[in-house]
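This report walks through the aromatic contacts, the sheet and the nonpolar cores of one protein model. Please have the viewer open.

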Amino acid sequence: MIATADSAEKTIISYNPATGEEVGRVRISSAEDVQKAVTLSRAASREWRQTSFAARRDLMMRAREVILAEVDEIAHLILRESGKPFGEAIAMEIAPVLDLMQYFARNTEKLLKPAKIGIGLYALMGRSSKIIYQPLGVVGIIPAWNYPFSIPLGEAVMALMAGNTVVIKPSELTPLVGVKIRDIFEKAGFPQNAVQVVTGDGSTGAALVEAAPDKIMFTGSVATGKKIAAAAAKNLTSVVLELGGKDPMIVFADANLELAARAAVWGAFCNSGQSCSSVERLYVQESVAAELTRKIVEKTKRLKQGFGDREDVSVGAMSSERQIKIVEDHVEDFRASGAKIEIGGRRNPEFEGLFYEPTVITNANNDMRAMQEETFGPTLPIATFSTEEEAIRLANDSEFGLTASVWTRDRAKGERVARQIEAGSVCINEVLYTHGIGQTPWGGFKNSGLGRTHGREGLMELVQPQHIHINKLALLPDAWWMPYSATAVETFRGFATKFASGSLLKTTTLMPQLLKRIRELLKR
């Protein structure tokens, strides 16, 4: 919520979505503030890019130690701003990013090692080529509110290890977590302005894009992502966009149904369903649909919902009134379209505030609006299929393509189906959590986004390749240099017909003509 303080300085008030209590306040950074931050970041990047990988590694490992020393404090801040359970704040935000930090601290130098390029027959002429990877400069990070710690921190870690500086604009719903990230890097001893945080609302995010950093990393809605891409294009700023999903889970009759049911419950209801990779569509083979549904409903009944600071709570509050209204709208659409609410389907009457009950829905189908639009809440709609081909068609019937999962005891079938699903990540007998594996790439197909974060592919988004070409035998002029002549043209024909064939044998027949051309150049 945005308010105007007595001083007339605009501020954001952060509220605990579970209790409605104020967590804290931050000022809304102006466009001038943001431009200054980017300017300072660019100046800092000139020195930071010169630091060794070893120096970056040591600082990053110090930052890990800062987090480890404050795990409970950070987790409680995350739950107060986001509403998620304390355990999830540790398991799904802090632990994964700690793993990512140590991985990139120790491996970025190797991942960005200069790469030799095979240049074919040119190598016989004393030439060599290689690619080196240069930092971009300033990386602007605009994360979503659903994982306010792990998303921006993970992206900042990779950017810093690649030699860039960063400016983070945290969500207006979780600004204090963003400030905490800045404090972590400061305590670890990172150089001044290497990591900056500009708090604010949508106008602050727009100002960051307009300030023309060298890269924008955005996580959020499709609509906002398109606006950012359009604004970034004015300055030719490259972007990575992670824009959400409507992720399918396919369960075949030969799957371990007990395991699949447990995975479905976690995949749909963790973080109150507010994950881009949440299970938002479950397709189960007809012959086992009743059994799987029964197991899922039974396990859902056992979930405890409540305030996130209690360690036995599995489902916390949702993030905002706006988000819970989307869930209510989608559940009503399911009802009106003939689907059945097996459990849940309402705000939890035990609590005031933003608690929506974990909801299992059956008799769903892809013609229902709520099976096409991203819900981002604790709902699990279940539809059925009969054949493998139908399951693939239903899974791909979406504008999104972030993640998906396939459940079967037949590994060959699982991989065969996975290869046909239009999604950036497909798990076989796993669900949702690969964002927590920093070594693997994260990103989607279709309207789920553009580019990648995490893994080597994500690291490559944060550098620009530079080609270095060397002539080791710089003694004679090149045959293709000026001035041209009839001998030159005859030599060029030889290049086209013999050298360009890639055949060493054919190229050797060109040698007399090549020597003739070189002698001609030496005489001129």
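Lysine 413 lies over the face of phenylalanine 252, at 4.3 Å from the ring centre. The coordinates come from a predicted model. Phenylalanine 252 is buried, at 2% relative accessible area. Its ring also pairs with that of phenylalanine 385: the planes stand at 80 degrees, so the pair is edge-to-face. This pair links distant parts of the chain, 133 residues apart. Phenylalanine 252 sits in the loop between β11 (247–251) and α9 (257–269), while phenylalanine 385 belongs to strand β15 (residues 379–385). Phenylalanine 385 has 0% relative accessibility and counts as buried.

**Ring pairs**

The whole structure holds 12 aromatic pairs. Two of them are set out here.

| Ring pair | Centre distance | Plane angle |
|---|---|---|
| Phe185 and Phe190 | 5.0 Å | 80 degrees |
| Phe252 and Phe385 | 5.3 Å | 80 degrees |

Phenylalanine 185 and phenylalanine 190 are both buried. Elsewhere, ring pairs link Tyr122, Trp480, Phe495 and Phe499 into a cluster. Another charge sits over a ring as well: arginine 56 lies over the face of phenylalanine 53, at 4.8 Å from the ring centre.

**The sheet**

Strand β15 is part of an open sheet of seven strands. The order is β13-β14-β15-β12-β11-β17-β18, with mixed pairing. Strands β13 (340–343) and β18 (425–428) stand at the edges; each has a single partner strand, so one side of each lacks a neighbour in the sheet. From one strand to the next, the twist averages 25 degrees.

Strands β14 (residues 359–362) and β15 run parallel and are joined by three bridges. Threonine 359 has threonine 379 of β15 as its bridge partner.

Two helices meet these strands. Helix α10 (residues 289–301) lies across β11, β12 (279–285), β13, β14 and β15, running at about 145 degrees to β12. Helix α13 (residues 411–418) packs on the sheet and touches β11, β17 (403–407) and β18. The direction of α13 makes about 165 degrees with that of β18.

**The cores**

The largest nonpolar core has 59 residues. Phe149 and Phe185 have the most contacts inside it. Helix α4 (residues 86–111) gives the largest share of this core, 11 residues. Apart from it lies another core, of 31 residues, including Val251, Leu257, Val279 and Val360.

What is phenylalanine 185 in contact with, leaving aside its neighbours within four places in sequence? The list is Met60, Ala63, Leu153, Ala156, Val157, Leu160, Phe190 and Val195.

Technical notes
Residues are numbered from 1 along each chain as its sequence is written. This is a predicted model: local features need pLDDT of at least 70, side-chain atom pairs count only at pLDDT 80 or more; totals for chains, interfaces and linings use all residues. Side-chain values use heavy atoms; hydrogens and water are left out. A nonpolar core is a set of buried Ala, Val, Leu, Ile, Met, Phe, Trp, Tyr and Cys residues joined through side-chain atoms within 4.5 Å. Buried means under 20% relative accessible area, exposed over 50%, partly exposed in between (1.4 Å probe, protein chains only). Helices (H or I, at least four residues) and strands (E, at least two) are DSSP runs, numbered from the N terminus. Contact means heavy atoms within 4.5 Å. Rings of Phe, Tyr and Trp (its six-membered ring) pair if their centres lie within 6.5 Å; planes under 30 degrees apart count as stacked, over 60 as edge-to-face and the rest as tilted. A charge sits over a ring if NZ of Lys or CZ of Arg is within 6 Å of the ring centre and within 35 degrees of the ring normal. Two strands pair if DSSP finds at least two bridges between them. Axes are lines fitted to C-alpha atoms, for helices over the stretch in contact, and angles run from 0 to 180 degrees between N-to-C directions.
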